[in-house]
Amino acid sequence: MQKIILTKPFEQDWIRMFTHLANLFFEQSKIVVDPIEEGLPIDISVEKDVEGFLRGNAVLKIDDNVYTATFTEPETSDGSETENRQLKRIYSHVFLDVLEQYTGMQQSWGILTGIRPTKLYHKYRQMGHDRETVKQLLMDKHRISEEKSELLETIERVQLGAIPDLHEIKDEVSIYIGIPFCPTKCAYCTFPAYAIHRKNGRVESFLDGLHEEIREIGKWLTARDIKITTIYFGGGTPTSIEADEMDALYQTMYDSFPHMKEVREVTVEAGRPDTITPKKIDVLKKWGIDRISVNPQSYTDETLKAIGRHHSVQETIDKFWLSRNMGMKNINMDLIIGLPNEGLEEFQHSLDETEKMQPESLTVHTLSFKRASEMTRNKNKYKVADRKTVEQMMQLGENWTKQNGYVPYYLYRQKNILGNLENVGYAKPGEESLYNIIIMEEVQTIIGVGCGASSKFMEPATGKITQFQNPKDPAAYILTFEEYIDKKIEHLERIFPETVIAD
């Protein structure tokens, strides 16, 4: 635990900000305001001069070394951000600067600790700035490296190519359908995922509730003639249920949701290869669904065992080709950088195996120690790569995707992510997942139905987002789904108050 001693008190939300920044450098940190404590003392302040400039200062004195940082900019007066937000940004600048000097570590994402850096890029573009100006703003105001700024520019261009009306679909919605079952739960996972079993009718009861939720939400959307942009079946692993149960679910979807022929994309996660069967692929084809995921995570059998995935590398390969040969035209695969006992050699092997298959898209995740995961609870049990190795693995992924004709099209970051890196979705041009773009850039309402499904209700006029989550546990969902349907409809009535109810 690294303690950082501040010389003056701050409110709790400011302490959280400093803690997030400190955690970029130290595995665990604690911010305290007590000069008696042992730790790294940082004297930090912001002053306003007579010309209306705000100047941030930070000094870190440790042993015989002194590290100083300053950052100056005009006080915001154009309404682009609040005074509080500007002050936090200036404090973040100088705080990060002295810690970079002290540790010798450079943070390529600068002061950003949030999940969605591309959303910031879109915000600046919507304000009317050209791309060169946006790049400079990211580098100057947020300390983002030139490399990462250029990555965000590339992603923004690809996203607008995939969805030209990205900022004009706020009057439509997307649907997320959560099915919480998996063959087993992976060690790194914190999604609502439960080992599937048929005791006590739990699966059947859950599906009964899910059908009803789809029907009721569909009824509301149909009455107001609201279009659906994309539909995404996630979980868990949606292909954990039986083929006939999948068939019935898609029937209800088509019967209930309006304008299904105009939905731009339907995706079904088939992430666990051990759930994919010819019968299930036949069902997908019957309903015109050809975009799925077949996720290896790694092409090393020992790694798959260590993280609790009860399938082999060969099964991943076999199920990919089964899916492809049976007509699945848009297949995504996921790889995770930094899994236990994996380094450059193992990750290069995973890329080499992926090259033989050439999926339409490849998502390269960086391992994140999520608070509720088994891997985090038993951290000593899982040996993972160091920061330098993880960065080299990320570079391998970037080089491989370029060589194989993929472009980056969405990006997100997570807390406690190895190397303070990112997760990047790559795709062959024209094969991007529209849902992934929409959810990451938060450009419209996403209605979550099913177990653990999170809804994001976005007010079209202001962009303000209200989150609402269904129960994560199937037993709780079964008991309360009707109540949660009513609450979601209340949110929808609030953000779409002027929609016309069809006769």
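**Exercises on salt bridges and domain contacts**

Glu442 and Lys119 form a salt bridge (a side-chain nitrogen of Lys or Arg within 4 Å of a carboxyl oxygen of Asp or Glu), with their closest N and O atoms 2.4 Å apart. The model is predicted: local features need pLDDT of at least 70, side-chain atom pairs count only at pLDDT 80 or more, and totals for chains, interfaces and linings use all residues. Residues are numbered from 1 along each chain as its sequence is written, and side-chain values use heavy atoms, leaving out hydrogens and water.

**Exercise 1.** Determine which parts of the chain the pair Glu442 and Lys119 links, and classify the accessibility of each residue.

*Solution.*
Step 1. Glu442 belongs to the loop between α14 and β16 (445-450), while Lys119 belongs to helix α3 (residues 117-126); the two are 323 residues apart. Helices (H or I, at least four residues) and strands (E, at least two) are DSSP runs, numbered from the N terminus.
Step 2. Buried means under 20% relative accessible area, exposed over 50%, and partly exposed in between (1.4 Å probe, protein chains only). Glu442 counts as buried because its relative accessibility is 15%. Lys119, at 32%, counts as partly exposed.
Step 3. A network of salt bridges links Arg116, Lys119, Glu442 and Lys456.

**Exercise 2.** Locate the salt bridge between Glu216 and Lys219, and state how exposed each residue is.

*Solution.*
Step 1. The side chains meet at 3.3 Å, N to O.
Step 2. Both Glu216 and Lys219 lie in helix α6 (residues 202-223), three residues apart, or about one turn of the helix. An α-helix has 3.6 residues a turn, so residues three or four places apart point the same way.
Step 3. Glu216 is partly exposed at 22% relative accessible area, whereas Lys219 counts as exposed at 52%.

**Exercise 3.** Describe the interface between domain 1 and domain 2.

*Solution.*
Step 1. An automatic or database domain assignment supplies the bounds: domain 1 is 1-106 and domain 2 is 173-493.
Step 2. Five residues of domain 1 are in contact (heavy atoms within 4.5 Å) with four residues of domain 2.
Step 3. The domains bury about 370 Å² between them, 48% of it on carbon and sulfur atoms. Buried area is the accessible area (1.4 Å probe) that two parts lose on being put together, summed over both. In domain 1, Leu24, Glu27 and Met105 lose the most area to domain 2, together 69% of what that side buries.
Step 4. The count of salt bridges between the two domains is zero.
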